[in-house]
Amino acid sequence: MFAFDNSYARDLPGTYVRQAPDLPPAPRLVRLNRRLAKELGLDPEPFEQGAAGWLSGAALPPGAEPIAQAYAGHQFGGFSPQLGDGRALLLGEVLGRDGVRRDIALKGSGQTPFSRRGDGKAALGPVLREYVMGDAMHALGIPTTRALAAVATGETVWRETALQGAVLTRVAESHIRIGTFQFFAARQDFAQVQRLLTYTLRRHYPELEGAGNPALAFLGAMAGRQARLIAQWMGVGFIHGVMNTDNMAASGETIDYGPCAFMEVYRPGTVFSSIDQGGRYAYANQPLILGWNMARLAEALLPLIDPVAERAVAAATAVLERIAPRYREAWVALLRGKLGLDGEQPDDGDLADGFLAAIEGQADWTLAFRALADAAEGQEGAIRSLLPAPAVFEAWLPRWRARLAPQAGTAMRAANPAVIPRNHKVEEALDAAEAGDLGPFDALVAAVSDPFGPEAGREGFTLPAPEGFGHYRTYCGT
């Protein structure tokens, strides 16, 4: 059973409301993430016996203190001063076997005071999407929230049609967001912003607790974590879809797998989200939104950075101006590994840009980098087959070969996944699960949990969508 130690509820009164989950009529455990359960210090066998009740709201586990957290956020550029957990509840915190404190939260457990006319529920399809995406990102080595379990509730939820209700148990290093700071800053409650900052530093940035200017140090440190995170997203072709400030975690983890998807053919303007009509959160815009979001955090912290507004703005601006070069450094460092380069050279960024120009609009992102690993070993057939117009690639190839590290092919396969959650495989798995067949879902989870393994025998998970799949659209799942 969970050994809860609920520091957020204990240390930050006034940042949440206590709320009991709805009682589901017929909870049924759909899937338990046994590997994650073990990491949390649970014994999966006995825990599984009571998981349907504990992780649906039917019977709270001992020590749970369910709360709905308050936060605000900029959503597609517009500020909402009050959002909060409209369908989620933080049950409490546990220390894992690795000593890391993590939140255990229910998503889809019913209405809260923050629900804003929503029903507070979730459907099975979006719950399982978040499950598989979290497992995939974790296996890819990208900081992420993860799903401990999916539980069907036995009730019907209504969106455009009737859907099976479900609850996700989300595990995160915390659910503190940029929007959490914005909520109290918008109310001019900077005493609470200070308490939140002190707590966040203690939990996520203990090395900064003695900093001369903790707020400024936090701004810089979080910007660094987010720069590395976004670079990692970009490296696997991941498009988050809703990079609102309420979905940017102070821990540096990926949070909220609503309308997310993985790009296939490399097109910088790729958008999947049905609600992103203007392409604000398109693939290539994600590094830009990083800077925009961090500027919103800076605004919330200004009085803590310096009581004199002009000095606070100048200090924060100096940190913000370093975000773009810090992201570029993280991106080029990641591309060195993906391209198998030997050491570091000043023009490595240009070399990486050259490969992207060679594949843009032609090649599948994931297949192109895996095929390039073969080319590093002299087998160029696969990469050439992906490029109907190879002139740019041919001009680039000699420059790349001059920079290759020894054993580059092996290193590149360890840096470039063969398997990602292909959009058609995700939809296939979710459709089957909603019809009662979890076989395709289990197969997909197994495949994405071994992303860097060989392609042989797994072609069904490594190839792009068939032509008949059509233009892909994703939805937020609310």
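**Entry 1: Thr462.** I began with Thr462, which is buried, as its relative accessible area is 3%. For reference, buried means under 20% relative accessible area, exposed over 50% and partly exposed in between, with a 1.4 Å probe and protein chains only. Thr462 sits in helix H18, residues 459–462. Helices here are DSSP runs of H or I with at least four residues, strands are E runs with at least two, and both are numbered from the N terminus. Setting aside neighbours within four places in sequence, I found Thr462 in contact with Leu367, Ala418, Val419, Arg422 and Glu455. Contact means heavy atoms within 4.5 Å.

**Ground rules.** I noted that this is a predicted model, where local features need pLDDT of at least 70 and side-chain atom pairs count only at pLDDT 80 or more, while totals for chains, interfaces and linings use all residues. Residues are numbered from 1 along each chain as its sequence is written, and side-chain values use heavy atoms, with hydrogens and water left out.

**Entry 2: H12 with H15.** Next came the helix pairs. Two packed helices are described by the angle between their axes and the distance between the axes. The axes are lines fitted to C-alpha atoms, for helices over the stretch in contact, and angles run from 0 to 180 degrees between N-to-C directions. For helix H12 (residues 365–376) and helix H15 (residues 408–415), I read an angle of about 170° and axes 8 Å apart. That angle makes H12 roughly antiparallel to H15. The angle classes are roughly parallel under 35 degrees, roughly antiparallel over 145, roughly perpendicular from 65 to 115, and oblique for the rest. H12 and H15 cross in a left-handed way. A crossing is left-handed if the near helix is turned anticlockwise from the far one by less than a right angle, and right-handed if clockwise.

On the H12 side I listed Phe369, Arg370, Leu372, Ala373, Asp374 and Ala376, which meet Ala408, Gly409, Met412 and Arg413 of H15. By class, this contact of H12 with H15 has six nonpolar, one polar and three charged residues. Ala, Val, Leu, Ile, Met, Phe, Trp, Tyr, Cys and Pro count as nonpolar, Asp, Glu, Lys and Arg as charged, and the others, Gly among them, as polar.

**Entry 3: H12 with H14.** I stayed with H12 and turned to H14. Their axes come within 12 Å and cross at roughly 60°, so H12 and H14 are oblique to each other. The crossing of H12 and H14 is right-handed. Leu372, Ala375 and Ala376 of H12 meet Phe393, Trp396, Trp400 and Arg401 of H14. By class, I noted six nonpolar, no polar and one charged residues in the contact of H12 with H14.

**Entry 4: H10 with H11.** Helix H10 (residues 323–339) and helix H11 (residues 348–359) have axes that come within 9 Å and cross at roughly 65°. That makes H10 roughly perpendicular to H11. H10 passes H11 in a left-handed crossing. Among the H10 residues in the contact are Trp331 and Leu335, and H11 brings residues including Phe355 and Leu356. By class, the contact of H10 with H11 has seven nonpolar, one polar and five charged residues.

**Entry 5: loops.** I looked up Gln407 in the loop between H14 and H15. Gln407 has a positive phi near 55° and is a residue other than glycine. Gln407 is exposed, with a relative accessible area of 64%. Arg116, in the loop between strand E7 (101–107) and strand E8 (122–123), also has a positive phi, about 50°, although it is not a glycine.

Ser251 lies in the loop between strand E11 (238–239) and strand E12 (261–262), and counts as buried at 6% relative accessibility. The Ser251 side chain makes a polar contact with the Glu253 side chain at 2.8 Å. A polar contact is a pair of N or O atoms within 3.5 Å; within protein, one must be able to donate a hydrogen and the other to accept it, and residues adjacent in sequence count only if both atoms are side-chain atoms. Leaving out neighbours within four places in sequence, Ser251 is in contact with Glu173, Ser174, His204 and Arg225.
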